[in-house]
Amino acid sequence: MTLLLAGDIGGTKTILRLVEASDSSKLHTISEERYRSADFPDLVPMVRQFLAKANTSTPEKACFAIAGPVVKNTAKLTNLAWFLDIQRLQQELDIAHISLINDFAAVGYGILGLNKQDLHTLQVGKFQPTAPIAILGAGTGLGQGFLMKQQDKYQVFPSEGGHADFAPRTELEFQLLKHLLIKHDIQRVSVERVVSGQGIVAIYQFLRDRKIHRESPEIAEVVRTWEQEAGQQEKSVDPGAAIGNAALQGSDRLSEQTMQMFVEAYGAEAGNLALKLLPYGGLYVAGGIATKILPLLQDGRFLLTFTQKGRMRSLLEDIPMHIVLNQQVGLIGAALHAVGL
């Protein structure tokens, strides 16, 4: 058995997991803790506190999934004043092998360790075992990546596809694009500005300002509070979640239309990614939003805009598509990646 340390490092929270891996790479969790990232000046004291509480020997290997780019074995978190360097971490933690990987690359490794109960299949498609696998996930931002099979193993490739241009399809989406260009005084709009948690709020504000439907007092208060807290790193409310819940409950027409636009844009972007990769090994929709709005992804609109690609429709109808239900897929991926260090 090999003792491994896996971490999911974010600007708000960090999850650390101590794992035993057998020769067959089967993982067994020994201990797991969740921390508020800002309570620590660096990752090292957090890991030391975690290992002291776990009261075990020092792990042989560690892998940390980072919410930010990893360049030349270093990483600077987007929303946290931590600078992580593999060589320093190895010395200060006395762990022989440490890896830093992008958090969405960790999702890519993680889907290889999921079970059937961790997935909800939206489209069975026609699975091809040697074809690429695509991963897509809306959360704080929009993660994208893919996996390619090389002999008997997969190699994971992260991407910055979420920063590609938003491609409107309807008159209302063209109006949304123009609204965002003017509001933010920018030259282009990335798809991440629409298909993400911030995108849900942006769509809501756009529809609200055009008085498409009357605001409900409850959602209006949440959104106003969020707007007043603009610039603060930590917000007291989550308007994206409030809008999504109201749409699920059918209690607010403005929220329902917001989520309809969001789901359609999400499905269209999933189709764009699928056209570029033809992932007959499966397209996996991960991220924190998908599981929370699962009924909205099941009602047909997501798949409709996914396949609505003209002459290419029949190709996309053959691509297996799954929603990742296991929210700890990144931790699973970090542990699996650590096994191979």
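Student: At what angle do the axes of H5 and H7 cross, and within what distance do they come?
Tutor: Keep in mind that this is a predicted model. The axes of H5 and H7 cross at roughly 70 degrees and come within 8 Å.

Student: What do we call that arrangement of H5 and H7?
Tutor: Angles of 65 to 115 degrees count as roughly perpendicular. H5 and H7 are therefore roughly perpendicular to each other.

Student: Is the crossing of H5 and H7 left-handed or right-handed?
Tutor: H5 and H7 cross in the left-handed sense.

Student: Which residues of H5 and H7 meet?
Tutor: H5 brings Ile200, Val201 and Tyr204. H7 answers with Pro239, Gly240 and Ile243. By type, the contact of H5 with H7 has 5 nonpolar residues, 1 polar and no charged.

Student: OK, H6 and H7 next. How do their axes cross?
Tutor: H6 covers residues 217-228 and H7 covers residues 239-249. Their axes cross at roughly 165 degrees and come within 9 Å. That angle makes H6 roughly antiparallel to H7.

Student: Which residues make the contact between H6 and H7?
Tutor: On H6, Ile219, Val222, Val223 and Trp226. On H7, Pro239, Ala242, Ile243 and Ala246. The contact of H6 with H7 counts 8 nonpolar residues, no polar and no charged.

Student: And the handedness of H6 passing H7, left or right?
Tutor: H6 passes H7 in a left-handed crossing.

Student: Now H5 and H8. What angle, and how far apart are the axes?
Tutor: H5, residues 197-209, packs with H8 at an angle of about 125 degrees. The axes of H5 and H8 are 9 Å apart. H5 and H8 are therefore oblique to each other. Their crossing is right-handed.

Student: Who meets whom in H5 and H8?
Tutor: From H5 you have Ile200, Ile203, Tyr204, Phe206, Leu207 and Arg208. From H8 come Leu254, Ser255, Gln257, Thr258, Met259, Met261 and Phe262. The contact of H5 with H8 splits into 9 nonpolar, 3 polar and 1 charged.

Student: Zoom in on serine 255. Why does it count as buried?
Tutor: Serine 255 counts as buried because its relative accessibility is 0%. The cut-off for buried is under 20%. Serine 255 sits in helix H8, residues 253-277.

Student: What does serine 255 touch, leaving out residues up to four places away in sequence?
Tutor: Tyr204, Ile219, Ile243, Ala246 and Ala247.

Student: How do S10 and S13 pair?
Tutor: In the parallel sense, over 4 bridges. S10 is residues 133-138 and S13 is residues 283-286. Leucine 136 stands opposite valine 285 in S13.

Student: What about the sheet that has S1 in it? What's the strand order?
Tutor: The order is S3-S2-S1-S4-S8, in an open sheet of 5 strands with mixed pairing. Strands S3 (27-36) and S8 (97-102) stand at the edges. Each has a single partner strand, so one side of each lacks a neighbour in the sheet.

Student: Which helix packs on that sheet?
Tutor: H13, residues 329-339. H13 touches S1, S2, S3, S4 and S8. The direction of H13 makes about 140 degrees with that of S1.

Student: Is S1 mostly covered or uncovered?
Tutor: Mostly covered: 6 of the 8 residues of S1 are buried.

Student: How does S1 pair with S2 and with S4?
Tutor: S1 and S2 pair in the antiparallel sense over 8 bridges. A hairpin of 3 residues joins S1 to S2. Leucine 3 has glutamate 20 in S2 as its bridge partner. S1 and S4 run parallel, joined by 6 bridges. Glycine 7 stands opposite phenylalanine 64 in S4.

Student: Last one: how many bridges between S2 and S3?
Tutor: S2 and S3 pair over 9 bridges, in the antiparallel sense. Lysine 13 stands opposite arginine 36 in S3.

Technical notes. Residues numbered from 1 in each chain as written. Predicted model: local features only at pLDDT ≥ 70, side-chain atom pairs only at ≥ 80, totals over all residues. Heavy atoms only, no water. Axes fitted to C-alpha atoms, helices over the stretch in contact; angles between N-to-C directions. Helix = DSSP H or I, 4+ residues; strand = E, 2+ residues; numbered from the N terminus. Parallel < 35°, antiparallel > 145°, perpendicular 65-115°, else oblique. Left-handed = near helix turned anticlockwise from the far one by under 90°. Contact = heavy atoms within 4.5 Å. Nonpolar A, V, L, I, M, F, W, Y, C, P; charged D, E, K, R; others polar. Buried < 20%, exposed > 50% of the residue type's maximum accessible area, 1.4 Å probe, protein only. Pairing = 2+ DSSP bridges.
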